[in-house]
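These are my notebook entries on a single protein chain. I set down what I looked up, entry by entry.

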Amino acid sequence: MANSVLHLCDETEMLLDAAEQKLDQLEAVTLNKLATAKSRSSKEKQPVSQETNAKARNKNREANQAAVALLVENYPQAFNSEEPKPLKIGIQEDLVSDEKVSRSKIKRALATYVRNPRYLKSLVEGADRVDLQGESTGKVSAEEEQHAKAKLDEYKQRRVERQKEQRKAQRVAEKEQRLSSKLEQLVAKTNKH
């Protein structure tokens, strides 16, 4: 009986050591990912939680959409979020000189509007570019169409990579949860003996 208890204790210690090593490895991987993420984002000087980042992104997105809504409201012949048309080259100067919308909101709105996948899809060779009144002021070139397609491909690739990272993080979290559960079971089993 004493031998079996000692044997069980030895087995328990070995399993706990193995589990601890796994946890150390997972922690090292997580810390490595965090360090990589920090080095990529040189703009951020202090670590920020994912929740804070998400809130800031949402707030920024809302401000961008509000700025676009101003352009749609003031210039409906040129701006349409549902069915965008290619805009005149230099339309920013026309917007600034019209003075209906502040310069900062114009920049924010245009940056958001022209990055929209719907807008990029509207950039087809030969399509009419429109001014603030919705009148034709030129055509989309083949190079501009190719640039738009490249941007769409880039957005698609980023989305795929983000989804891969999310799935990977989910698998790591599930693995950590399973390991934690097994450790709890092992400890409970050890406490019974």
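**Entry 1. A pair within one helix.** I began with K149 and E145, which are four residues apart in helix α6 and therefore separated by about one helical turn. I use the term salt bridge for a side-chain nitrogen of Lys or Arg within 4 Å of a carboxyl oxygen of Asp or Glu. I then looked up the exposure of both partners, calling a residue buried under 20% relative accessible area, exposed over 50% and partly exposed in between (1.4 Å probe, protein chains only). K149 is partly exposed because its relative accessibility is 40%, whereas E145 is buried, with a relative accessible area of 13%. I also noted that salt bridges with shared partners join K151, E154 and R158 into one network.

**Entry 2. Basis of the values.** The model is predicted, so I note its limits: local features need pLDDT of at least 70, side-chain atom pairs count only at pLDDT 80 or more, and totals for chains, interfaces and linings use all residues. Residues are numbered from 1 along each chain as its sequence is written, and side-chain values use heavy atoms, with hydrogens and water left out.

**Entry 3. Overall make-up.** I found six helices and two strands in the protein. Read from the N terminus, the order of the elements is α-α-α-α-α-β-β-α. Of the 193 residues, 18% count as buried.

**Entry 4. Salt bridges between elements.** How many salt bridges does the structure hold? I recorded seven. R118 is partly exposed, with a relative accessible area of 42%, and E82 is exposed, at 55%.

A further salt bridge joins the side chains of D128 and K139 (2.5 Å, N to O). This pair links distant parts of the chain, with D128 in strand β1 (residues 128-130) and K139 in strand β2 (residues 136-139), 11 residues apart. D128 counts as partly exposed because its relative accessibility is 34%; K139 is exposed, with a relative accessible area of 52%.

**Entry 5. The nonpolar core.** I take a nonpolar core to be a set of buried Ala, Val, Leu, Ile, Met, Phe, Trp, Tyr and Cys residues joined through side-chain atoms within 4.5 Å. Which residues touch the most other members of the largest one? Of its 21 residues, they are L71, F79, L87, L95 and L110. Helices α2, α3, α4 and α5 (117-122) each supply at least two residues of this core, and α4 gives the most, with four. In soluble globular proteins, nonpolar side chains tend to be buried together.

**Entry 6. A positive surface patch.** I next listed R57, R61, K121, K156, R159 and R162, which form a positive surface patch. Patch residues have over 30% relative accessible area and no salt bridge, with like charges joined within 9 Å. Helices α2 (50-74) and α6 (142-192) each supply at least two residues of the patch; α6 gives the most, with three. R159, in helix α6, is partly exposed because its relative accessibility is 42%.

**Entry 7. Contacts across the sequence.** S122 is found in helix α5 and is buried, with a relative accessible area of 14%. S122 and E83 are 39 residues apart in sequence, yet 8.3 Å apart in space, C-alpha to C-alpha. I then turned to Q77, in the loop between α2 and α3. Q77 counts as partly exposed, at 40% relative accessibility. The C-alpha atoms of Q77 and Q133 are separated by 5.5 Å, although the two residues are 56 apart along the chain.

**Entry 8. A backbone angle.** Last, I looked up E99, in the loop between α3 (91-98) and α4 (103-115). The phi of E99 is near 60°, a positive value in a residue other than glycine. E99 counts as exposed because its relative accessibility is 68%.

How values were computed:
Patch = residues over 30% accessible without salt bridge, like charges linked within 9 Å, V, L, I, M, F, W, Y side chains within 5 Å. Areas by Shrake-Rupley, 256 points an atom, 1.4 Å probe, with all protein chains shown as cover. Lys, Arg positive; Asp, Glu negative; His and termini not counted. Charge placed at Lys NZ, Arg CZ, Asp CG, Glu CD.
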